[in-house]
Amino acid sequence: MSATAEALERLGQSSAEACSGVLEMFAPGKVSTGEVSVPKDFADAFATVPVPAVAMSVSYVDGVTGGNVFLITLDGAKRLAAAMMGMEEPEDPDAPELSELELSAVSEAMNQMMASAAAATATALGTEVEIGTPDTKMFAAAADIAGAYPHTPHAVRIGFSICGEPARLVQLVPNAFVVRMSSALDDLGAEVVSAPNPATAAGGTAGPAIPSLAGIPVRVWAELGRARMPSAQVVGLPPGAVVELDRQADDPIDLYVNGTLFATGRLVVVDETDWAVRIEHVLDKTKTSADSGMEVARWPESW
Amino acid sequence: MARILVVDDAAFMRKMVTDALTKGGHEVVGEAGNGQEAIARFQELKPELTTLDITMPEKDGLAALKEIIELDPNARVIMCSALGQESKVLESIKLGARDFVVKPFQADRVLEAVGKALA
């Protein structure tokens, strides 16, 4: 497989997992992910979409052409909306279009999927990916679909089945993404040989990573403690001032992976010169930074 | 049990949040579909707590939060955001939001955040 195709397929896999995670919350047990493929040409990405279809798209806003388009049959959209509202069947299965509340529900599901897919893409690329506001369209003819979206050099096609109806995510991928992904994959090839498996090093309790994500570099940082003070006090700190942190000297320190509190451990010195963290406790993987309320930590932009 | 204002541009999300809060014994006293409306409703209804979506047309949740906190520095506001908006979440906490929930969310998570903010 070419490096480009491999990069595109990984991008598709991580987006597929992100989207199905969101869909699964809205329609539990009614979602399955199908094939991730790299179509030969742009038009092929949209070929054979069953109509009438509801399409929702978001564009990237960082100066590159590209984005995500999610397509689902009208019946699928109605069923998804019904599932989201806790109903077994759509209120009016034969209506020629979506009701206002159905449209709002499906838009919201797609909105959250797109945000989640963009976050996964950002992780794969190692840079932030911002998306614009979503745009919803209805298509009565499959031939009209490809022409409605900006042409990009690459595309990935991901199949889904939602409430028994076919759906598809098409990622419109600019060249810049492929270049960044390919170089990230190259770096990884070099690192995997020399570095021990981080999951094993952490005591083996973390479980195997999802294969398509296993190779993606993540940012790991350790936190000694925090302090809260008025901004005026911060700007007035002279050299030599002491800022007290919220931890005792014998408290464990926190290890973050991409902003999620992952483990706690002890600060140690290795080779008599370098700081390191000895992991004491790997946190339950369901406990993310979002669950614990205020625990948001970001990688400083300047690093 | 509190009087709550629910703000989200998606009618479906307002319904989800309202249903969750009502089941938890709270009273949803009003809804708003953008930041501008949110500020007007806030002044008019004086809710004990406001849930605020971040991405909205007209005026977004961060701008609305700023104005609400200016109107009432003790206002209890909980932000609702989609994934990948960590920087905005952090900014809203700095601006004075009490907590946030990440979409998609379960009803329990909303109630838990509301309970904590009211405590």
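Me: Where does Lys46(B) lie?
Reply: Lys46(B) sits in the loop between α2 and β3 of chain B. Helices (H or I, at least four residues) and strands (E, at least two) are DSSP runs, numbered from the N terminus. This is a predicted model: local features need pLDDT of at least 70, side-chain atom pairs count only at pLDDT 80 or more, and totals for chains, interfaces and linings use all residues. Residues are numbered from 1 along each chain as its sequence is written, and chains are lettered from A and ligands numbered from 1 in the order in which they are written.

Me: What is phi of Lys46(B) near?
Reply: Phi is near 45° for Lys46(B), a positive value in a residue other than glycine. Lys46(B) counts as partly exposed because it has 13 C-beta neighbours inside 10 Å. The cut-offs: buried means 20 or more other C-beta atoms within 10 Å of a residue's own, exposed means 12 or fewer, and partly exposed is in between, with C-beta atoms placed from the backbone.

Me: And Glu58(B), where does that lie?
Reply: Glu58(B) is in the loop between β3 and α3 of chain B. Its phi is near 65°, a positive value in a residue other than glycine. Glu58(B) is partly exposed, with 13 other C-beta atoms within 10 Å.

Me: On to α3 of chain B. Which residues are buried there?
Reply: Gly61(B), Ala64(B), Leu65(B) and Ile68(B) are buried in that helix, residues 61–71. They are on the same side of α3(B), because they cover an arc of only 105° around the axis. That arc is of the directions from the helix axis to the C-beta atoms.

Me: What covers the buried residues of α3(B)?
Reply: The cover includes α2 (35–45), β3 (49–53), β4 (77–81) and α4 (86–95) of chain B.

Me: How do α3(B) and α4(B) cross?
Reply: Their axes come within 10 Å and cross at roughly 5°. Axes are lines fitted to C-alpha atoms, for helices over the stretch in contact, and angles run from 0 to 180 degrees between N-to-C directions. α3(B) and α4(B) are therefore roughly parallel to each other. Angles under 35 degrees count as roughly parallel.

Me: Which residues meet there?
Reply: From α3(B), Leu62(B), Leu65(B), Lys66(B) and Ile69(B); from α4(B), Lys88(B), Glu91(B), Ser92(B) and Leu95(B). By class, this contact of α3(B) with α4(B) has four nonpolar, one polar and three charged residues. Ala, Val, Leu, Ile, Met, Phe, Trp, Tyr, Cys and Pro count as nonpolar, Asp, Glu, Lys and Arg as charged, and the others, Gly among them, as polar.

Me: Is Ile4(B) buried or exposed?
Reply: Ile4(B) is buried, with 26 other C-beta atoms within 10 Å. It is found in strand β1 (residues 3–7) of chain B. The C-alpha atoms of Ile4(B) and Thr51(B) are separated by 7.6 Å, and the two are 47 residues apart along the chain.

Me: Now the interface. How many residues of chain A are in contact with chain B?
Reply: 22 residues of chain A are in contact with 16 residues of chain B. Contact means that the C-beta atoms, placed from the backbone, lie within 7 Å. On the side of chain A that touches chain B, α1 (3–26) and α4 (100–125) of chain A each supply at least two residues. The largest share, 13 residues, comes from α4(A).

Me: How is α3 of chain A covered?
Reply: Mostly: nine of the 11 residues in α3(A) (residues 74–84) are buried. Those buried residues pack against α1, β2 (53–59), β3 (67–73), α4, β5 (154–162) and β6 (165–173) of chain A. Just after α3(A), Gly86(A) takes a positive phi of about 75°.

Me: Which residues does the cis peptide bond join?
Reply: Val51(A) and Pro52(A), with omega about -5°. Pro52(A) lies in the loop between α2 (42–45) and β2 of chain A.

Me: Last one. What is the mean pLDDT of chain A?
Reply: The mean is 79, and 82% of the residues of chain A reach 70 or more. pLDDT is the predictor's confidence in each residue, from 0 to 100. Over residues 190–210 of chain A the pLDDT is below 50, and this stretch has 13 contacts in the model beyond near neighbours in sequence. Where pLDDT is low, the predicted coordinates should not be read in detail.

Definitions and conventions: Contact = placed C-beta atoms within 7 Å. Parallel < 35°, antiparallel > 145°, perpendicular 65-115°, else oblique.
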